[in-house]
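Trainee: Can we go through this one together? I'd like to start with the overall picture and then look at the details.

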Amino acid sequence: MRPDEFRAICAELDMTYADVARTIGAKARSVHRWAAGTRDVPEAVAVIMRMLRVATRQYVVDYAEVAKFLRVLLLLPGGDKVEGLQRMLRARERGKGMRAE
């Protein structure tokens, strides 16, 4: 992901870099470096950001929950795939993740 795409997604989601850091579990300094282009955006972060963009266009979502779920599926620190799938099933049972009208 190029820095301009990263910045555009942040703007589209109306998220500050601090919001992004909190949501995806990254350090604020890293997020600023990705946005500035002084460090490459890790592929896992690129996937999370693109999925957040898609989710907000098509679904009513809670950014933090979507990011947490994606982190687990991508096997990032703090979770595992089984837990992520269980969360997805629980959310479906509660009616979350429904398409917006």
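This is a predicted model: local features need pLDDT of at least 70, side-chain atom pairs count only at pLDDT 80 or more; totals for chains, interfaces and linings use all residues.

Trainee: Fine. How many helices and strands does the protein have?

Mentor: There are six helices and zero strands. Along the sequence, the pattern reads α-α-α-α-α-α.

Trainee: And how much of the protein counts as buried?

Mentor: Of its 101 residues, 30% are buried. As for contacts between residues at least 6 apart in sequence, 53% of them join residues at least 24 apart.

Trainee: Let's take the helix pair. At what angle do the axes of α1 and α3 cross?

Mentor: At roughly 120 degrees, and the two axes come within 7 Å. Here α1 is residues 3-12 and α3 is residues 28-36. That angle makes α1 oblique to α3, because only angles of 65 to 115 degrees count as roughly perpendicular and those over 145 as roughly antiparallel.

Trainee: Which residues meet there?

Mentor: From α1, Pro 3, Phe 6 and Arg 7; from α3, Val 31, Trp 34, Ala 35 and Ala 36. By class, this contact of α1 with α3 has six nonpolar residues, one charged and no polar.

Trainee: Staying with α3, which of its residues are buried?

Mentor: Val 31, Trp 34 and Ala 35 are buried in α3. Seen down the axis of α3, the buried residues fall within an arc of 95 degrees, so they line one face of the helix.

Trainee: What does the face turned away from the buried side carry?

Mentor: That face of α3 carries Arg 29 and Ala 36, which are exposed. Just after α3 comes Gly 37, with a positive phi of about 85 degrees.

Trainee: On to the core. Which residues touch the most other members of the largest nonpolar core?

Mentor: The core has 18 residues, and the ones touching the most other members are Phe 6, Val 20, Ile 24, Trp 34, Val 45 and Met 49. The elements that give two or more residues to it are α1, α2 (17-24), α3 and α4 (43-58).

Trainee: Which element gives the most?

Mentor: That is α4, with five residues.

Trainee: And what does Val 45 touch?

Mentor: Leaving out residues up to four places away in sequence, Val 45 touches Phe 6, Ile 24 and Trp 34.

Trainee: Now the loops. Where is Asp 14?

Mentor: Asp 14 sits in the loop between α1 and α2. Its phi is positive, about 55 degrees, although Asp 14 is not a glycine.

Trainee: Is Asp 14 buried or exposed?

Mentor: Asp 14 is exposed, at 67% relative accessibility; the cut-off for exposed is over 50%.

Trainee: What about Asp 40, where does that lie?

Mentor: Asp 40 is in the loop between α3 and α4. With a relative accessible area of 71%, Asp 40 is exposed.

Conventions
Residues are numbered from 1 along each chain as its sequence is written. Side-chain values use heavy atoms; hydrogens and water are left out. Axes are lines fitted to C-alpha atoms, for helices over the stretch in contact, and angles run from 0 to 180 degrees between N-to-C directions. Helices (H or I, at least four residues) and strands (E, at least two) are DSSP runs, numbered from the N terminus. Angles under 35 degrees count as roughly parallel, over 145 as roughly antiparallel, 65 to 115 as roughly perpendicular and the rest as oblique. Contact means heavy atoms within 4.5 Å. Ala, Val, Leu, Ile, Met, Phe, Trp, Tyr, Cys and Pro count as nonpolar, Asp, Glu, Lys and Arg as charged, and the others, Gly among them, as polar. Buried means under 20% relative accessible area, exposed over 50%, partly exposed in between (1.4 Å probe, protein chains only). The arc is that of the directions from the helix axis to the C-beta atoms. A nonpolar core is a set of buried Ala, Val, Leu, Ile, Met, Phe, Trp, Tyr and Cys residues joined through side-chain atoms within 4.5 Å.
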